[in-house]
Amino acid sequence: MTVIQNLWRSTIGKKVVMALTGLIGIGFVIAHVASNLTVFKGGQHVDDYAKFLRTLGPLLWVARGVLIAAVILHVIAAVQLFGRARKARPVDYREREPQVSTLASRSMRWGGAILVAFIVFHLADLTWGWVNPGFVHLAPARNMTASLTRWPVALFYLVAMLSLGLHIWHGAWSSMRTLGAARPSADPLRRVLPILLAVVIAGGFAAIPLAYLFGFLPRS
């Protein structure tokens, strides 16, 4: 236990935690976007997938527990690392001239804040139904329709997916570097796998509210 505590207290330990929990998150969103995109085949496919998850029983709760723990640890580690960076340099640079950074790396903090807010709203919208006036328990296709046909909600989803794409772009590469699976690169645009993941995942999610907004999915 002491070893784990010492690892957590160290900067590199927090970066390893961020890397591992970030990869867990990427695995989840890959599975989530794949299931959500079945709505283009018809709402019944989404409903059937939701029913299938219910058949997993305890395994579903284990997966939920791992995901919740990963999100909490990821956020805590990020906040603490940011605090350490601020403490190490309480007075910011007078002028910043990024050399090899990207919009993705420079947006990690505010993008992360948007994603935390989105997760809370998303659960309240499509899981608990608190902010979804047409919510019906265990009817995800109908709930998606009731939610995403409201243009302010669809717009928020699109902003969140832009943040998610940028977060994955930088986060996936940073995680691979932290875990020793990738070498440092002076050319961020050559990070093919993170860029591909970001485009596919964020683009897949964004396609759904866009389809509702432009009438490609029925407004039932």
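In which helix is His 74 found, and which residues does that helix span?

Mentor: His 74 is found in helix H4, which covers residues 58-88. First, the ground rules. This is a predicted model, where local features need pLDDT of at least 70 and side-chain atom pairs count only at pLDDT 80 or more, while totals for chains, interfaces and linings use all residues. Residues are numbered from 1 along each chain as its sequence is written, and side-chain values use heavy atoms, with hydrogens and water left out.

Now the helix itself. Helices are DSSP runs of H or I with at least four residues, strands are runs of E with at least two, and both are numbered from the N terminus. The protein chain has 9 helices and 0 strands. Along the sequence, its pattern reads α-α-α-α-α-α-α-α-α.

Back to His 74. A polar atom of its side chain lies 3.2 Å from the backbone oxygen of Met 18. For such pairs, we use the term polar contact: two N or O atoms within 3.5 Å; within protein, one must be able to donate a hydrogen and the other to accept it, and residues adjacent in sequence count only if both atoms are side-chain atoms. Leaving aside neighbours within four places in sequence, His 74 is in contact (heavy atoms within 4.5 Å) with Met 18, Thr 21, Gly 22 and His 167.

Take Thr 21 next. Thr 21 sits in helix H2. Its relative accessible area is 10%, so Thr 21 is buried. Buried means under 20% relative accessible area, exposed means over 50%, and partly exposed lies in between, using a 1.4 Å probe and protein chains only. Beyond residues up to four places away in sequence, Thr 21 touches Ala 70, Leu 73 and His 74.

Follow H2 onwards. H2 covers residues 11-36, H9 covers residues 192-213, and their axes come within 10 Å and cross at roughly 40°. That angle makes H2 oblique to H9. The axes are lines fitted to C-alpha atoms, for helices over the stretch in contact, and angles run from 0 to 180 degrees between N-to-C directions. Under 35 degrees counts as roughly parallel, over 145 as roughly antiparallel, 65 to 115 as roughly perpendicular, and the rest as oblique. The crossing of H2 and H9 is left-handed. In a left-handed crossing, the near helix is turned anticlockwise from the far one by less than a right angle; clockwise gives right-handed. On the H2 side, the contact is made by Ile 26, Val 29, Ile 30, His 32, Val 33 and Asn 36. H9 brings Leu 197, Ile 201, Gly 204, Phe 205 and Ile 208.

Another pair of helices is worth a look. H3 (residues 43-54) and H7 have axes that come within 7 Å and cross at roughly 120°. That makes H3 oblique to H7. Gly 43, Val 46, Asp 47 and Ala 50 in H3 meet Pro 140, Ala 141 and Met 144 in H7. Gly 43 is partly exposed, at 27% relative accessibility. Gly 43 and Leu 217 are 174 residues apart in sequence, yet their C-alpha atoms are 9.6 Å apart.

Now the loop between helix H6 (108-127) and helix H7 (140-148), where Leu 138 is found. Most residues other than glycine have a negative phi. Leu 138 has a positive phi of about 60° although it is not a glycine. At 46% relative accessibility, Leu 138 counts as partly exposed.

Last, step back to the whole chain. Of its 220 residues, 33% count as buried. Among contacts between residues at least 6 apart in sequence, 68% join residues at least 24 apart. The accessible surface comes to about 13700 Å², with 69% belonging to carbon and sulfur atoms. Those areas come from the Shrake-Rupley method with a 1.4 Å probe; for residues, only the protein chains shown count as cover.
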